[in-house]
Amino acid sequence: MAAWLRPVSIAVAVVALGLLAEQAAHSWDQPAWIPIFDLAIGWLLVACGLASIMTRPAQRAGGRLVVAGFLWFVGTFHGADDPIASSLGFAFGGYHDLVLIGLALAFPVRWPASRAARTLVGVTAALFAIQTVVRLVATLPGALGDQLVGPDLGLHVVAVVDVVRAAAVVASGMLAIGLLASSPPNRRRGVGLVLAAGAASAIASGANARFALTVLGFLPPWSDDVTVPVGWLINLVRLAVPIAMLVGILRAQAARTALVAAVRGVGSTPSSSALGKALATALGDPSLRLLTRDLADDRYIGGGGERLSVADLDALGTDPATSVAAVEVDGSRIAVLVVNRRIVDDELIAAGVALTSLVVQNERLVTRVNEQLLDVRASRVRIMEAADRERRRIERDLHDGLQQRMVGLALQLRSAEDEPTQRSDALRHGAEEVLGILQDVRELARGIHPAILTEAGLGPAIRAIADRSAVPVDLTLRLAESSGPAASATAYFVVSEALANLAKHGGATATGAWITAEDHDGWLRVVVDDDGSGGADPTGHGLGGLADRVAALDGRFSVGPRPGGGTRVQAEIPIR
């Protein structure tokens with residue numbers, strides 16, 4: 001169905017129903033202003049409802065206003081010539097008051113928030129249902145040619161029920177006044193007009209019990225010259241409810257428009273300072289301040305550089321002119337909005353808080369990513385420098401060691417060709433030299449990748465390092481040997497470097513070291529404790545290189561003092 005077809009169909013139906021009701025009740029035989037007012041009230045209820053539906057389809061108040069408009073014309077049939085139509089109009093008349101009361105106490109949500117309001121609406125609805133049954137019993141059998149109760153008895157019973165129902169309606173109006181009086185200033189702007197209009201309509205509607213009180217003998221009868229104008233004045237007061245609700249819905253729509261304007265105002269690179277200015281402009285509050293929390297000293301920083309403590313914020317919260325709205329993520333406060341109570345209502349504050357949460361989280365995420373990017377760039381430089389140093393070391397070791405020994409071996413073997421008597425000694429010496437060269441190659445390769453790690457695994461490799469340690473080592477290994485080669489190699493070098501540092505810098509005072517290596521929950525954890533002199537430099541070539549190696553695997557690395565004295569080197573590496 002096209003978007004315009006449903007409201008047009010509703011409008012046509014209510015126009016037809018109104019004209020039919022006025023014609024059936026012979027309303028045009030009365031002064032013209034009476035049917036005109038009657039039509040205007042019902043049609044205005046439906047018009048406000050349709051305008052609300054088209055403005056904010058998700059807001060249920062619009063649909064209920066449309067229902068109230070249709071119910072308005074039901075009561076008009078009470079004046080019809082047809083006795084059955086008149087009886088039904090009499091029995092089901094007045095239900096528009098029930099709908100308007102429920103709307104006023106619940107606006108802008110679906111149901112009333114307080115238990116007292118829900119109870120009172122339920123009691124009023126039950127009384128309306130009882131009123132319908134009583135009126136049907138009193139009038140419908142007579143319309144069908146039968147009579148269950150006498151006219152006087154039926155009239156008195158109807159009057160009693162009307163008085164009780166009117167009392168419930170007036171009580172609803174008094175409750176609306178109480179809710180209005182107890183609402184904070186920033187809420188009154190959003191729902192205050194609806195509550196005031198609902199209270200006036202309910203109390204005015206209760207005045208319709210005047211006729212019932214006259215029937216019961218509690219009030220003297222009034223002449224038509226007084227009754228008719230008063231009755232229509234009451235009907236006009238009822239119009240305050242739909243008009244107030246339409247205004248409230250349009251204000252809510254304006255809040256959404258203001259929020260969109262604020263989103264556009266922050267630009268393509270949102271920041272808290274830009275958002276603060278955009279919200280101040282969009283919400284019409286030039287005094288609005290957005291303060292983000294600095295976790296370092298637990299203070300709140302504003303766009304102008306102001307820094308407020310928690311005590312300062314508490315003082316602002318007690319100021320009757322301002323309201324402090326907290327912006328929280330997972331129970332932790334990340335920012336606050338300081339707004340003017342007289343300008344900003346609840347819906348605007350909620351919208352500003354939600355937008356602030358997104359922008360501040362995004363701002364912090366961007367800052368964290370930029371910091372990580374700087375760390376990655378610095379880490380890459382250090383890795384390249386370390387690789388270059390290692391390359392030069394290997395080149396130097398090859399040139400000064402292996403290359404010289406192999407050249408000497410070649411010359412010795414060549415000289416043995418010319419002297420047969422020395423061949424046996426040359427071959428024996430050459431074999432010994434080859435074994436020495438092989439040992440040198442192993443020692444050289446040890447700094448690149450330990451063979452035992454590949455051949456036996458991380459546990460035996462760590463035991464081999466511990467066996468060569470200058471101080472006694474206490475080992476605790478809980479390894480499932482499920483870590484990958486990169487993680488195992490990194491853990492091995494963490495242990496190797498930690499023990500090497502202990503031998504260089506803390507060996508004179510150290511009496512022992514404690515190594516724990518375990519893997520669980522997808523992480524490989526290595527801790528090396530010693531009781532040496534401490535003071536290890538985490539930025540040195542050795543430990544700094546380890547930090548970069550661990551970071552390259554998205555792990556965590558730390559160097560610090562050991563509880564009780566000494567140094568603790570710890571690494572946590574993802575297994576895969």
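Predicted model: local features only at pLDDT ≥ 70, side-chain atom pairs only at ≥ 80, totals over all residues.
Let me begin with a term: on a 1 Å grid over the protein atoms alone, a cavity is a set of points where a 1.4 Å probe fits but cannot get out, and its lining residues are those with an atom within 4 Å of a point. Grid points are joined across faces, edges and corners, and the volume is the space filled by probe spheres set on the points. With that in place, the structure holds 2 cavities of 30 Å³ or more.

Residues are numbered from 1 along each chain as its sequence is written, and side-chain values use heavy atoms, with hydrogens and water left out.

The second largest cavity holds about 40 Å³ of space, and its lining consists of I101, A104, L105, S172, G173, A176, G198, A199 and A202. Which elements give two or more residues to that lining? They are helix 5 (95-106), helix 7 (151-182) and helix 8 (185-206), where helices (H or I, at least four residues) and strands (E, at least two) are DSSP runs numbered from the N terminus.

Let me turn to two helices. The expected span of a helix is 1.5 Å times one less than its number of residues, and for the 20 residues of helix 1 (5-24) this gives 28 Å, in agreement with end C-alpha atoms that are 28 Å apart. The buried residues of helix 1 are P7, V14, G18, A21 and E22, buried meaning under 20% relative accessible area, exposed over 50%, and partly exposed in between, with a 1.4 Å probe and protein chains only.

Helix 3 (residues 61-74) has 14 residues and reaches 20 Å from its first C-alpha to its last, close to the expected 20 Å. Its buried residues are A61, G62, L65, V66, A68, G69, W72 and F73, and they also sit on one side of helix 3, because their arc around the axis is only 160°.

Now the strands. Two strands pair if DSSP finds at least two bridges between them, and in general the strands of a sheet pair through backbone hydrogen bonds, either parallel or antiparallel.

Strand 7 (residues 513-520) is joined to strand 8 by 8 bridges and runs antiparallel to it, with A517 opposite V526. Strand 8 is also joined to strand 10 by 8 bridges, again antiparallel, and there the bridge partner of V526 is A571. The hairpin of strand 7 and strand 8 has 2 residues between the strands, and D521 takes a positive phi near 55° in it.

Strand 9 and strand 10 (residues 567-574) run antiparallel and are joined by 6 bridges, among them the pair of P561 and T567. They form a hairpin with 5 residues between them, where G564 in the turn has a positive phi of about 100°.

I will close with some loop residues. D554, in the loop between helix 19 (541-552) and strand 9 (556-561), has a positive phi of about 65° although it is not a glycine, and D554 is exposed, with a relative accessible area of 63%. H26, between helix 1 and helix 2 (33-55), has a positive phi near 55° and is partly exposed at 34%.

Notes: Arc of directions from axis to C-beta. 1 Å grid on protein atoms, 1.4 Å probe; cavity = no way out; pocket = protein on both sides within 12 Å on 5 of 7 lines; lining within 4 Å.
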